[in-house]
Amino acid sequence: MNIPQSSYPRVVIIGGGFGGIALAKKLSQKEAQVVLLDKHNYHNFQPLLYQVSTGGLEPDSIAYPIRKVLQGYPNFFFRLAQVQEVKTDTKRIKTNIGEIFYDYLVVATGSETNFFGNKGIQSMGMAMKTIPQSLNLRSLILENFEQALLTDDLHERDALMNFVIVGGGPTGVELAGALAEIKKGILPKDYPDLDTRRAQINLVQGSDRLLPAMSEVASRKAEKFLEELGVNVWKNIRVTDYDGKKVSTNTKTIFEAETLVWAAGVQAVGLKGLDAETFLCRGNRLRVNEFHQIVGLEDVFAIGDVAQMETEEFPHGHPMMAQPAIQQGRNLGDNLVRAIEGKPMKPFVYKDKGSMATVGRNKAVVDLPKFKFQGVFAWFVWMFVHLYFLIGFRNRVVVFINWVYNYIRFDREARLIIRPFKKQNRVERDTLMQD
Ligand SMILES: Cc1cc2nc3c(=O)[nH]c(=O)nc-3n(C[C@H](O)[C@H](O)[C@H](O)COP(=O)(O)OP(=O)(O)OC[C@H]3O[C@@H](n4cnc5c(N)ncnc54)[C@H](O)[C@@H]3O)c2cc1C
């Protein structure tokens with residue numbers, strides 16, 4: 001990998017997501033050689049992926065070059081590499097660009113869509129975890145409307161304009177709201193010769209309420225907002241299969257839809273060599289102790305979505321969200337410095353800063369530890385928080401300008417089919433893009 005020898009211990013971080021970047025920043029001026037490996041050369045701000053999928057933002061404005069985050073730090077090295085295996089016995093990592101030795105290893109590989117083994121949904125449904133996947137979804141949505149214009153078969157036309165979003169968590173809620181706004185504000189102008197009132201946005205949730213990780217009041221309000229926007233909210237229904245045209249459920253309800261978005265599950269991104277049963281918890285997460293050490297491995301740590309730290313308050317690990325990943329990255333940074341200096345490490349304590357979701361223009365729900373509020377103010381808070389955590393000054397400015405423009409003009413000008421998406425190639429394409 002062409003990384004010089006150093007008198008400092010080498011910390012290898014796998015993954016430049018929220019956790020990996022927070023950790024690398026903490027270590028950047030310390031007495032450690034930091035090697036960050038990621039299969040992409042950019043950090044992906046996943047909370048805004050749905051805006052890329054729906055033409056509200058260009059993909060470049062939510063991605064940030066990893067090299068730029070830590071420019072100017074002499075002990076920091078980035079390599080564009082897909083990690084293939086961890087060999088804990090020899091403290092080496094195998095990647096597609098060669099092998100590397102570590103003194104300390106941190107796994108921060110995040111999570112991926114979990115289809116729970118359903119091959120039909122996996123091959124014909126759309127996921128939204130990466131930028132290429134979001135661009136595929138954007139293309140498919142727009143291509144469907146172009147196609148709907150061309151057919152005089154009413155049944156086919158309806159299926160092309162029918163969207164099924166599976167999963168009533170923040171991703172499903174935000175995507176459904178954005179699609180409903182497109183239906184209302186953009187489709188009638190873009191397709192005056194198509195009866196776009198027939199377009200249906202269906203949000204299907206397996207349990208009895210949306211946003212189950214948030215408060216009851218947030219769930220109720222989000223559902224009300226979605227209904228005001230014309231989204232069909234289906235609760236207590238589980239989608240069981242999809243053949244590219246027909247969505248089957250565990251009830252008599254069947255949807256005829258050319259687009260199914262699967263936002264109903266995630267699982268940790270595992271690595272060969274760290275896949276022994278003793279390490280793994282539900283959803284493929286790696287069991288770690290309060291110091292982020294993978295249980296049984298002294299020099300190997302895990303943070304973020306991939307890590308499961310079971311505490312009294314969080315018996316199934318911390319939520320798979322940006323805040324726990326960032327806080328864990330920072331705490332581990334301090335701990336690694338302490339370990340290098342021969343001092344004892346400090347246990348991690350998660351500070352829950354709350355959660356939020358937006359449904360659309362002037363419509364959001366916010367649960368803070370002490371206050372819960374919804375509506376216009378919540379929407380402004382949501383925007384401010386997302387701008388604050390977005391990496392890069394240029395990205396913040398571009399996103400802010402886009403939001404102001406979209407707000408004033410009721411528009412989403414990134415509705416472009418740059419890279420056409422062919423449904424039959426979906427599995428191969430997604431695999432290629434993810435690799
Ligand atoms: C659509 C969507 C919306 C979301 N909205 C919110 C939200 O509003 N609020 C919130 O708090 N959270 C949200 N989340 C969750 C949040 O994005 C994650 O919890 C967070 O990204 C986890 O951070 P991480 O560092 O663990 O992993 P990630 O940020 O996923 O980073 C993992 C990194 O590891 C790299 N990687 C993986 N495998 C390998 C390998 N083998 N070799 C090399 N590199 C590898 C990846 O390329 C990636 O860069 C959302 C997620 C999605 C998908």
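Reply: To start with a term, nonpolar patches are made of residues with over 30% relative accessible area and no salt bridge, with nonpolar side chains joined within 5 Å. Keep in mind that this is a predicted model.

Me: OK. Which residues make the nonpolar surface patch of about 700 Å²?

Reply: Phe393, Val397, Phe400, Ile401, Val404, Tyr407 and Ile408 make that patch.

Me: Where is Phe400 found?

Reply: Phe400 sits in helix H12, which covers residues 393-409.

Me: And how is Phe400 classed, buried, exposed or partly exposed?

Reply: Partly exposed, because the relative accessible area of Phe400 is 47%, and that class lies between under 20% for buried and over 50% for exposed.

Me: Now the inside. How many residues has the largest nonpolar core, and which have the most contacts inside it?

Reply: The largest nonpolar core has 67 residues, and Leu48 and Leu226 have the most contacts inside it.

Me: What is Leu226 in contact with, leaving aside neighbours within four places in sequence?

Reply: Leu226 is in contact with Val173, Ala176, Gly177, Leu203, Leu210, Val231, Val233 and Val359. There is also a second, separate core of 30 residues, which includes Val107, Leu271, Leu286 and Val306.

Me: I clicked on Leu175. Where is that, and is it buried or exposed?

Reply: Leu175 is in helix H7, residues 170-185. Leu175 counts as buried because its relative accessible area is 1%.

Me: What does Leu175 touch, not counting residues up to four places away in sequence?

Reply: Leu175 touches Tyr50, Ser53, Thr54, Met128, Leu137, Ile165 and Val261. As for Gln51, its C-alpha is 7.8 Å from that of Leu175 in space, while the two residues are 124 residues apart in sequence.

Me: Changing topic: what is the strand order in the open sheet of three strands?

Reply: The order is E14-E15-E16, and the pairing is antiparallel. Strand E14 (239-242) and strand E16 (255-256) are at the edges with a single partner strand each, so one side of each has no neighbour in the sheet.

Me: How many bridges are there between E14 and E15, and how many between E15 and E16?

Reply: E14 and E15 pair over three bridges. Strand E15, residues 246-249, pairs with E16 over two bridges.

Me: What stands opposite Val247 in E16?

Reply: Phe255 does. Val247 is also the bridge partner, in E15, of Tyr242.

Me: Which residues of E15 are on the covered face and which on the uncovered one?

Reply: Val247 and Thr249 are on the covered face of E15, Lys246 and Ser248 on the uncovered one. In a regular strand, side chains alternate between the two faces of the sheet.

Me: How many residues lie between the strands in the hairpin of E14 and E15?

Reply: Three, and Gly244 in that hairpin takes a positive phi near 100°. The hairpin of E15 and E16 has five residues between its strands.

Me: What about phi in residues other than glycine?

Reply: Most of them have a negative phi. Lys91, which is not a glycine, has a positive phi of about 55°, and it lies in the loop between strand E6 (83-87) and strand E7 (92-95). His292 also has a positive phi, near 75°.

Me: Where does His292 lie, and is it buried or exposed?

Reply: His292 lies in the loop between strand E19 (286-288) and strand E20 (300-302). With a relative accessible area of 0%, His292 is buried.

Notes: Residues numbered from 1 in each chain as written. Predicted model: local features only at pLDDT ≥ 70, side-chain atom pairs only at ≥ 80, totals over all residues. Heavy atoms only, no water. Core = buried A, V, L, I, M, F, W, Y, C linked by side-chain atoms within 4.5 Å. Buried < 20%, exposed > 50% of the residue type's maximum accessible area, 1.4 Å probe, protein only. Contact = heavy atoms within 4.5 Å. Patch = residues over 30% accessible without salt bridge, like charges linked within 9 Å, V, L, I, M, F, W, Y side chains within 5 Å. Areas by Shrake-Rupley, 256 points an atom, 1.4 Å probe, with all protein chains shown as cover. Salt bridge = Lys/Arg side-chain N within 4 Å of Asp/Glu carboxyl O. Helix = DSSP H or I, 4+ residues; strand = E, 2+ residues; numbered from the N terminus. Pairing = 2+ DSSP bridges.
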